[in-house]
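User: Could you take me through the aromatic rings of this model slowly, with the terms explained as they come up?
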Amino acid sequence: LITTNYMKRYTEECRDQGAASYRRFIDGERDAFGEIVDLYRESLIFFIHRYVNDMDTAEDLAEDVFVELIVHPERFGEKSSLKTYVFAIARNKAIDWIRRHSRLRMAPMETAETQADLLSLEQKILDNEEKRQLAEAMDALKAEYRIALHLVYFEGLSYEETGKIMKKGRKQVENYVYRGKRALREILEERGHSRENKR
């Protein structure tokens with residue numbers, strides 16, 4: 001309960017701070033944009049990587065998201081939180097990249113090099129073996145389940161906010177989260193049994 005309340009408070013503070021920094025940037029305080037980068041860069045890279053499965057590409061696309069904020073400030077109408085808006089841009093850029101590179105569509109991680117790239121970033125967020133196993137198991141999920149779970153549980157967004165980013169209705173997001181959790185539990189149980197059998 002304490003952890004849940006802390007995460008909710010932290011998420012709200014990030015939203016408020018991000019929007020406030022962006023308003024200051026739009027009003028001419030150029031240094032305020034650095035605060036936005038500090039707030040969202042690592043989370044964006046982590047999120048985009050869920051789509052493109054390539055760390056360098058995820059970093060490049062995250063930079064493109066920030067360029068979009070700089071070049072088109074008028075597009076942010078404050079109908080949603082800045083975080084929801086930023087992650088929606090990130091999703092669109094990831095989808096566009098996948099369409100241009102169809103042969104590189106999202107797939108489970110297969111090489112040690114790719115896995116090492118992901119874990120180097122996730123290590124800042126996932127701080128023990130159990131959580132690293134959870135991250136690896138998530139990569140085996142269907143794309144829709146993986147993205148919905150990531151936004152709801154890693155980013156602390158609501159079903160409505162997640163729906164805006166994924167361009168899905170609340171009911172669809174609820175189904176993705178429910179089915180994703182069930183599939184994730186099955187994967188973890190299966191891998192747990194496999195590890196036990198090897199001992």
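Analyst: Phe66 counts as buried, because its relative accessibility is 3%, and buried here means under 20% relative accessible area, with exposed being over 50% and partly exposed in between, for a 1.4 Å probe and protein chains only. Please keep in mind that this is a predicted model, in which local features need pLDDT of at least 70 and side-chain atom pairs count only at pLDDT 80 or more, while totals for chains, interfaces and linings use all residues. Residues are numbered from 1 along each chain as its sequence is written, and side-chain values use heavy atoms, with hydrogens and water left out.

Phe33 is buried as well, with a relative accessible area of 9%. The ring centres of Phe33 and Phe66 lie 6.1 Å apart with the planes at 85°, so this pair is edge-to-face; rings of Phe, Tyr and Trp (its six-membered ring) pair if their centres lie within 6.5 Å, and planes under 30 degrees apart count as stacked, over 60 as edge-to-face and the rest as tilted. This pair links distant parts of the chain, since Phe33 belongs to helix α2 (residues 32–52) and Phe66 to helix α3 (residues 55–71), 33 residues apart; helices are DSSP runs (H or I, at least four residues), numbered from the N terminus.

Phe33 and Phe66 also belong to one aromatic cluster, together with Tyr22, Phe25, Phe76 and Tyr85. Within helix α1 (residues 2–26), Tyr22 and Phe25 are 3 residues apart, about one turn of the helix. Tyr22 is buried at 1% relative accessible area, and Phe25 is buried at 4%.

Definitions and conventions
Helices (H or I, at least four residues) and strands (E, at least two) are DSSP runs, numbered from the N terminus.
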